[in-house]
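Subject: Structure handover and notes

Hello,

Please find the structure below, followed by notes on what was found in it.

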Amino acid sequence: MEIMFFITTALFFSIMLVLFLWTGISFLFLIKSRNPEKHSKRTPPVSVIIPAYNEESNIKKCIQSVKNSEYPNDIEIIVIDDGSTDKTPHIAKTLGARVITQNHLGKVEALNNGLRNASHDYVIILDADMFIERNSIYELMKGFYDPRIAAVSGVAKVFNRNTLIGIFQNVEYIYLYFIREAFSFLSRASPGICGPFTCFRKKDLLAIKGFSKRTSAEDFDVSLHLFKAGLHTVLAPKAIGYTVVPNTLKSLFMQRIRWFKGIIQSVVIHRNLIGKSLPASYILLTHLFWFSVAILSIPIITYNFLYWLPYNSSTLIDAILYIFYWFSFAGIIRMIYMIPVWGINIVYFFGIISGILTSLLILVSMKRYGDMRPENLIAIFFYFPYTI
C-alpha cells in the first residue's frame, strides 16, 4: 500500500502541476484577449478541399454548409473521392462540386491531391462529416493578419450529441479547444490544429511538401512541420463547425488508439524540438505526459477503488454511494465536507484542487463558446469516469 500511495501521490502531483500551468495560461489569455483582436480585412478567394470515402450520408450536408457560407468572394469546392463504392461522388457532382477521383489511397494522398489541384492561394481542409456555420470561412480568413501565420484553425463541436457518449465528447472537444486557443493566442503555436476544419496558405503547405504519411495524425504532424519552418498557427474561436464523432465505445476506443499512435509517432519524429523551443517543448511534452497518465491511471485508480471498497460496502446503499462519490464531482464536495473528520493529506489536497480546477476550466470554455446547455453541466459533474 505504501508503494501505491507513493505512485498515486506522484501522479496527482504531476497532474496538479499541469493543471496549474493550464490555469495560468488560461487566466493570462482571458486578461490579454480583452484587447481588440487583430484581424485581416482581406477576403481572398478560397479553395475548400473535402477528402471523402463512402460519405454519402454526410457529403450533401457538408457541401451545402459551404455553399451557404456568408463570404464575399469565390469559394471553390473540391471533393477528392478516395475510391468510394457508394454514391458520394454522384451526390457531390449534383451539388456543383468539382470531383476528383483517385484509387483508395487514403486521406493523406487525398489531401495532397486536392492541394495540387486547388486554384486559390488559401485552402480549407474540411472533413466530409464536418458542417460549418455561415460565417466560419470569413472568421478563418480574419486570422491571416500576419504573413507568418500559415494556418488558422476552426473549432469543432460535436454534431451527434444526442447520446451520452456524444455529450461527453462535446464537453471534451470544447475544453481542449479552449486550452488550444489560449496557448495559440499567447505563443502563436497551437498544440495541433483542428484536423477536420483548418485553413492554410497554399504556398506554406507546398513549401513543407504537404501532408505526410509518416504518422497516423497528419494534422498534428503538419502543424509541427510549419512550426519548424518558422511559421505560426492560430485558432479562430468564432469559426465553428460540427463534426460527427464515434457513437459507440468500440469506435471511440479505436479512434483514440489511432490518435495515440499518430501523436507518439509525431513526438518521435519531432523530438529534436524539445529543449530548443519553449512552445514546442510544451506541446510535445504535454502530449507525452497525458498519454503516460492515461496508461498509468487505470491500474492505479482500479487498485485504490478496490482497496477501499470493503470499508464502504456494509450495505448496498453504502456501496452505491461509494461508487457515486468516486466517479462524480460529489466526491470532491464530500471530501471538502469531511476534512474536519478525516483531516487532510497530500492526496486529498491534490484530489480536491484538481477536481475544482478541471471543472472550472471546462465551465469557462463552455461559457466562451456559448455552450452552457444543461446536459453539458451534467456531463461535467460525471466527467471523471469518461476520462478513464
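Helices (H or I, at least four residues) and strands (E, at least two) are runs taken from DSSP, and they are numbered from the N terminus. One more thing before the findings: this is a predicted model.

Asn54 is not a glycine, yet its phi is positive, near 50°. Is Asn54 buried, partly exposed or exposed? Its relative accessible area is 28%. Buried means under 20% and exposed means over 50%, so Asn54 counts as partly exposed.

Lys209 also has a positive phi without being a glycine; the value is about 65°. Look for Lys209 in the loop between helix H7 (202-207) and H8. The relative accessibility of Lys209 is 75%, so this residue counts as exposed.

**The sheet**

Next, the strands. Eight of them form an open sheet with mixed pairing, in the order S3-S2-S1-S4-S7-S6-S8-S5. At the edges are strand S3 (98-101) and strand S5 (130-132), each of which pairs on one side only. On average, neighbouring strands in this sheet are turned by 30° against each other, with direction ignored.

- S4 (residues 122-126) pairs with S7 in the antiparallel sense, over five bridges. Tyr122 stands opposite Arg201 of S7, and Val123 stands opposite Phe200 of S7.
- Strand S6 (residues 149-158) also runs antiparallel to S7, and three bridges join the two. Here Val152 has Cys199 of S7 as its bridge partner.

How many of the five residues of S7 are buried? Five of the five are, so S7 is largely enclosed by the rest of the structure. Both faces of the strand are covered. One side carries Phe197, Cys199 and Arg201, the other carries Thr198 and Phe200, and all of these are buried.

**Cavities**

The structure holds two cavities of 30 Å³ or more. The largest cavity has a volume of about 60 Å³. It is lined by 11 residues, and those closest to its centre are Ala189, Ser190, Ser223, Phe227 and Thr233. Helix H8 (218-228) and strand S8 (232-243) each supply at least two residues of this lining. Which element gives the most to the lining of the largest cavity? H8 does, with three residues. By class, the lining of the largest cavity has five nonpolar, five polar and one charged residues.

The second largest cavity holds about 50 Å³ of space. Its lining is made up of Leu111, Ile125, Ile193, Cys194, Gly195, Thr198, Phe200, Phe211, Glu218 and Asp219. Strand S7 (197-201) and H8 are the elements that give two or more residues to this lining. By class, the lining of the second largest cavity divides into six nonpolar, two polar and two charged residues.

S8 gives the most, with five residues. By class, the lining of the second largest pocket has eight nonpolar, five polar and nine charged residues.

**A helix to check by hand**

Last, helix H14 (residues 346-368) makes a simple exercise. What span should its 23 residues have at 1.5 Å a residue? The expected span is 1.5 Å times one less than the number of residues, which means 33 Å for H14. The end C-alpha atoms of H14 are 33 Å apart, which agrees. Just after H14, Gly370 takes a positive phi of about 60°.

Regards

Note on methods. Residues are numbered from 1 along each chain as its sequence is written. This is a predicted model: local features need pLDDT of at least 70, side-chain atom pairs count only at pLDDT 80 or more; totals for chains, interfaces and linings use all residues. Side-chain values use heavy atoms; hydrogens and water are left out. On a 1 Å grid over the protein atoms alone, a cavity is a set of points where a 1.4 Å probe fits but cannot get out, and a pocket is an open set with protein on both sides within 12 Å along at least five of seven lines; lining residues have an atom within 4 Å of a point. Grid points are joined across faces, edges and corners, and a volume is the space filled by probe spheres set on the points. Ala, Val, Leu, Ile, Met, Phe, Trp, Tyr, Cys and Pro count as nonpolar, Asp, Glu, Lys and Arg as charged, and the others, Gly among them, as polar. Buried means under 20% relative accessible area, exposed over 50%, partly exposed in between (1.4 Å probe, protein chains only). Two strands pair if DSSP finds at least two bridges between them. Axes are lines fitted to C-alpha atoms, for helices over the stretch in contact, and angles run from 0 to 180 degrees between N-to-C directions.
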